[in-house]
Amino acid sequence: MKKNHGFACLVAAGLCSLVPVPSHAAGGTVDIVLSANANVYAVEMGDTTVTAMGGNGTVTFIHSSGRPFVEGAIAAVQYAGLSKKTPSGLDLEADAVATFSSADTLLLLFERRSGDPGAADEGTLHLTGGSGRFAGVNGQCKYKADNLPGNWNVVATCQWLYSFPYR
């Protein structure tokens, strides 16, 4: 009888481990403005220009439908990127971290591929998590960049999803 009781406890524990952990998910939109100084290094190789860039500036949430994006919040941003311009178009990838506090950071990934539809100053912005209130955030949107000499300015309205377990 004791053997069956132990076996039943083992089976019950195994079944409980198969039950999904309840979680919340929230989503919405956020209007983002990024303004940064750019250090640009370009190498021309025939009809191809390879450009490395990096800098710092600010990210501001202009409008938000809710947590964790607080309207009016401003963060320091640092970024680094690489682009390659060829006759077939522009490929660009830039990573950025927006620091709201030592505990709250948001990770951003900017992408543009030569085969993407749209103008050369448009790409895709990915919200890729972070720390603190941005842990568990993901989303993406189209962004528009206004690249002036020495500056990088981006405007985007992103859809986001925030998933977190019960605590």
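What share of the 167 residues in the protein is buried? Buried residues, meaning those under 20% relative accessible area with a 1.4 Å probe and protein chains only, make up 32% of the 167 residues. This is a predicted model, in which local features need pLDDT of at least 70 and side-chain atom pairs count only at pLDDT 80 or more, while totals for chains, interfaces and linings use all residues. Residues are numbered from 1 along each chain as its sequence is written, and side-chain values use heavy atoms, with hydrogens and water left out.

The secondary structure comes to 1 helix and 9 strands, taken as DSSP runs (H or I of at least four residues for helices, E of at least two for strands) numbered from the N terminus.

Two residues illustrate contacts, meaning heavy atoms within 4.5 Å, with neighbours up to four places away in sequence left aside.

| Residue | Among its contacts |
|---|---|
| Phe-69 | Val-30, Phe-61, Leu-106, Trp-160 |
| Asp-104 | Ala-98, Ser-131, Arg-133, Phe-134 |

Asp-104 lies in the loop between β5 and β6 and counts as buried because its relative accessibility is 16%. In the loop between β3 and β4 sits Pro-68, whose peptide bond from Arg-67 is cis, with omega near 5°. Most peptide bonds are trans.

Key:
Buried means under 20% relative accessible area, exposed over 50%, partly exposed in between (1.4 Å probe, protein chains only).
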